[in-house]
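Me: I am new to this model and would like to learn how to read its features one at a time. Could you give me the general idea each time, and then the case at hand?

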Amino acid sequence: MSNDVFPEFVKNLTAMSVTAQDRVLVAVSGGPDSMALLHLFLRWNSRKIGVFHLNHGFRANASKEAEFVKDYATQVGIPVEIAEYNINRYLSTSGESKQQGARKIRYQLLQNYAEANGYHRIALGHHGDDQAETVLMRILRGAGLHGLGGIPPQRGPFIRPLLTVYKEAILTYCQDFGVPYVLDESNFEPVYLRNRIRQELLPLLMREYNPEITA
């Protein structure tokens, strides 16, 4: 298929020195980005991957999303770990924001599970749109030149094979290959800065200044 992002995915794995001998733990939320990532890894080497999902309990649908991920992984014969963590309790003492705290706990749990179960890499579903949003968000927060660095393709055991692929291509991939996914309604809530950048600032910049600003 002309819209197949698999060659780009494999190219990125090669650039990060990921080989067929590496066991990869795929972080799967159930959304289109992580489900496409999992599907691509299934095509790459289904015998060397596992799935990790964190049920953070933030939303009413969290348990349904955990079941969705578990059912899909079971259906395709991939080991799956569904972790639960009371992040609200953690946030009540840490003083961190909801997004910062959830990210910190998720990364720590991923790394702990990977180390305990012999996984060499941890794959995350960040994509090209996330990269553009992150750069803008850091600049708006006063990060200066540091903000231009964006999201690294790899850091320690964490890898991001879709960082050069954009959301539209991921959604098309899911449609073309029949990859199921669920939608996180919190991604549309304007209370979060990233969501406002995604829904308001980036469309404005693309419409008024440069339609290829995310490219």
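Reply: Gly 50 is buried, with a relative accessible area of 0%; buried means under 20% relative accessible area, exposed means over 50%, and partly exposed lies in between, with a 1.4 Å probe and protein chains only. The model is a predicted one, in which local features need pLDDT of at least 70 and side-chain atom pairs count only at pLDDT 80 or more, while totals for chains, interfaces and linings use all residues. Residues are numbered from 1 along each chain as its sequence is written, and side-chain values use heavy atoms, leaving out hydrogens and water.

Me: In which strand does Gly 50 lie, and with which residues is Gly 50 in contact, leaving aside its neighbours within four places in sequence?

Reply: Helices (H or I, at least four residues) and strands (E, at least two) are DSSP runs, numbered from the N terminus, and Gly 50 belongs to strand 2, residues 49-55. Contact means heavy atoms within 4.5 Å; with neighbours up to four places away in sequence set aside, Gly 50 touches Val 24, Leu 25, Val 26, Ile 78, Pro 79 and Tyr 119. Val 26 is 24 residues from Gly 50 in sequence, yet their C-alpha atoms are 6.0 Å apart in space.

Me: How many helices and strands does the protein chain have, and what share of its residues is buried?

Reply: The secondary structure comes to 8 helices and 6 strands, in the order α-β-α-β-α-β-α-α-β-α-β-β-α-α from the N terminus on. Of the 215 residues in the chain, 44% are buried. Contacts between residues at least 6 apart in sequence can also be sorted by separation, and 73% of them join residues at least 24 apart.

Me: How should I read the meeting of two helices, and at what angle do the axes of helix 1 and helix 2 cross?

Reply: Axes are lines fitted to C-alpha atoms, for helices over the stretch in contact, and angles run from 0 to 180 degrees between N-to-C directions. The axes of helix 1 (residues 6-15) and helix 2 (residues 32-45) cross at roughly 75 degrees and come within 11 Å. That makes helix 1 roughly perpendicular to helix 2; angles under 35 degrees count as roughly parallel, over 145 as roughly antiparallel, 65 to 115 as roughly perpendicular, and the rest as oblique. Helix 1 makes the contact with Phe 6, Phe 9 and Leu 13, and helix 2 with Leu 37, Leu 40, Phe 41, Arg 43 and Trp 44.

Me: How many residues of helix 2 are buried?

Reply: Helix 2 is mostly covered, with 13 of its 14 residues buried. Asp 33 has its place in helix 2 and is buried at a relative accessible area of 16%. Ile 170, in helix 7, is in contact with Asp 33, and also with Pro 32 and Ala 36 among others. Ile 170 is itself buried, with a relative accessible area of 1%.

Me: What is a nonpolar core, and how many residues has the largest one?

Reply: A nonpolar core is a set of buried Ala, Val, Leu, Ile, Met, Phe, Trp, Tyr and Cys residues joined through side-chain atoms within 4.5 Å. The largest one has 32 residues, and those with the most contacts inside it include Phe 9, Leu 13, Phe 41 and Trp 44. Helix 1, strand 1 (24-27), helix 2, strand 2, helix 3 (62-75) and helix 7 (167-177) each give two or more residues to this core, and its largest share, 8 residues, comes from helix 2. A second, separate core of 18 residues includes Ala 83, Leu 91, Tyr 119 and Phe 158.
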